[in-house]
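Good morning, everyone. Please have a look at the model on the screen, and then I'll walk you through it.

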Amino acid sequence: MAVKVTVIIPNYNGLTFMKPCMEALRQQTCQDFQVLVVDNGSDDGSVAWLKEQRISTIFLKENTGFTGAVNAGIKAADTEFILLLNNDTVAEPGLVGELLKAIEQSGKIFAVSGKMIQMYHKELMDDAGDMYSLLGWAYQRGVGRSSKGYNRPGEVFSACAAAAIYRRKVFETIGYFDEMHFCYLEDIDVCYRAKIFGYHNRYCPTAVVYHVGSATSGSKYNAFKVKLAARNTIYLNYKNMPLGQILVNSLPLAAGICVKYGFFKKIGFGKEYLEGIREGFATMKKCRKVPYTSEHLSNYLSIQWELIIGTCIYVYEFLVRQSGKRELFKKFLIN
């Protein structure tokens, strides 16, 4: 019987993380998968270790970013599903089987995100699927909250590509991960495109994985990450929103840029943030914009509603955090 899933692990100088990541995959209860590592020109001993372990690997000559690596893996795979997994993760034994079961529930599901828990603070969530808003802000659902919650499956705007399963053939219709992104927001972008084409994305709480986070970039906020994320926000909106939708959303998008600039200026990255925004506007027309068709009008309207809801949830969460009334928020969002 043909294998159903290819687990693709992009790696760049992640030898320290690769060993526990691979060991966890060997302990999976579902064995209906194969592993494919894509090494992005590592020079930390990863290449020698991968060859020594005889792990199926594509060795790239240079760092092509997360997007270049996973695209190489997806195109090389021949299974019905591909499961993207960061090298700085340790999966619970049921991860592969639970994600596979979740995505097989409907042919209209493009991606399913697992329950990601912080590696060094296992009492806290890392990600329960990603959300997007009218402000142009993407955010991790559940981050920093109790890992005892978020136990109900449901719809999310996007799967987090650090641990998510995808229907491989859909990429042939909507396009692969955009390599202009290099890294950051590329998973929101590809799931946004899938939604335009009528697919949807899910969260599976029984697929548990522990995640270090920012293992390659080195920290939550740094100049490289701030600049690329700012640039990629411009790409994301330009590519996926028709002109009419951009005009309707122009005020909240502009407000989102202003607020984020104020935040990053306060923590010392204002210059990098503005450089990313400028680069985004200067180069956005090089992106492959999703052509608007009336056939997808209902999908655009549905997405617009999701953006509104995503904004309301984000603002409500912020206000609750500020007021300290966490119990109100828990009843509203958790579980």
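**A walk through the model**

Let's start with phenylalanine 263, which lies in helix H8, residues 243-266. Helices (H or I, at least four residues) and strands (E, at least two) are DSSP runs, numbered from the N terminus. Before I go on, this is a predicted model: local features need pLDDT of at least 70, side-chain atom pairs count only at pLDDT 80 or more, and totals for chains, interfaces and linings use all residues. Residues are numbered from 1 along each chain as its sequence is written, and side-chain values use heavy atoms, with hydrogens and water left out.

Back to phenylalanine 263. Its relative accessible area is 38%, so it is partly exposed. Buried means under 20% relative accessible area, exposed means over 50%, and partly exposed is in between (1.4 Å probe, protein chains only).

Helix H8 also holds proline 252. Proline 252 is partly exposed too, at 22%. Leaving aside neighbours within four places in sequence, proline 252 is in contact with Leu134 and Leu135. Contact means heavy atoms within 4.5 Å.

Now inside. Isoleucine 165 sits in strand E11, residues 163-167. Its relative accessible area is 0%, so it is buried. Beyond four places in sequence, its contacts include Val5, Phe81, Leu99 and Phe110. Tryptophan 137 is 28 residues away along the chain, and the two C-alpha atoms are separated by 23 Å.

Next, helix H6, residues 186-196. How many of its 11 residues are buried? The count is 11 of 11, so the helix is largely enclosed by the rest of the structure. Just after H6, glycine 198 takes a positive phi of about 95°.

On to strand E12, residues 200-211, where we find asparagine 201. Asparagine 201 is buried, at 0% relative accessibility. A polar atom of its side chain lies 2.9 Å from the backbone oxygen of phenylalanine 157. Not counting residues up to four places away, asparagine 201 also touches others, among them Cys191 and Lys195.

Now the charges. The structure holds 11 salt bridges. A salt bridge is a side-chain nitrogen of Lys or Arg within 4 Å of a carboxyl oxygen of Asp or Glu. One of them joins arginine 202 and glutamate 155, at 3.0 Å, N to O. Arginine 202 lies in strand E12 and glutamate 155 in strand E10, residues 154-156, so the pair ties together parts 47 residues apart in sequence. Glutamate 155 is partly exposed, at 44%.

Lysine 239 has a salt bridge with aspartate 178, at 2.5 Å, N to O. Lysine 239 is in helix H7, residues 223-240, and aspartate 178 is in the loop between helix H5 (170-174) and H6, so this pair ties together parts 61 residues apart in sequence. Lysine 239 is buried at 3%, and aspartate 178 is buried at 14%.

Lysine 239 forms a salt bridge with aspartate 189 as well, with the closest N and O atoms 3.0 Å apart. This pair links helix H6 to helix H7, 50 residues apart. Aspartate 189 counts as buried, at 0%. Which residues do shared partners join into one network? They are Asp178, Asp189, Arg193 and Lys239.

Technical notes:
A polar contact is a pair of N or O atoms within 3.5 Å; within protein, one must be able to donate a hydrogen and the other to accept it, and residues adjacent in sequence count only if both atoms are side-chain atoms.
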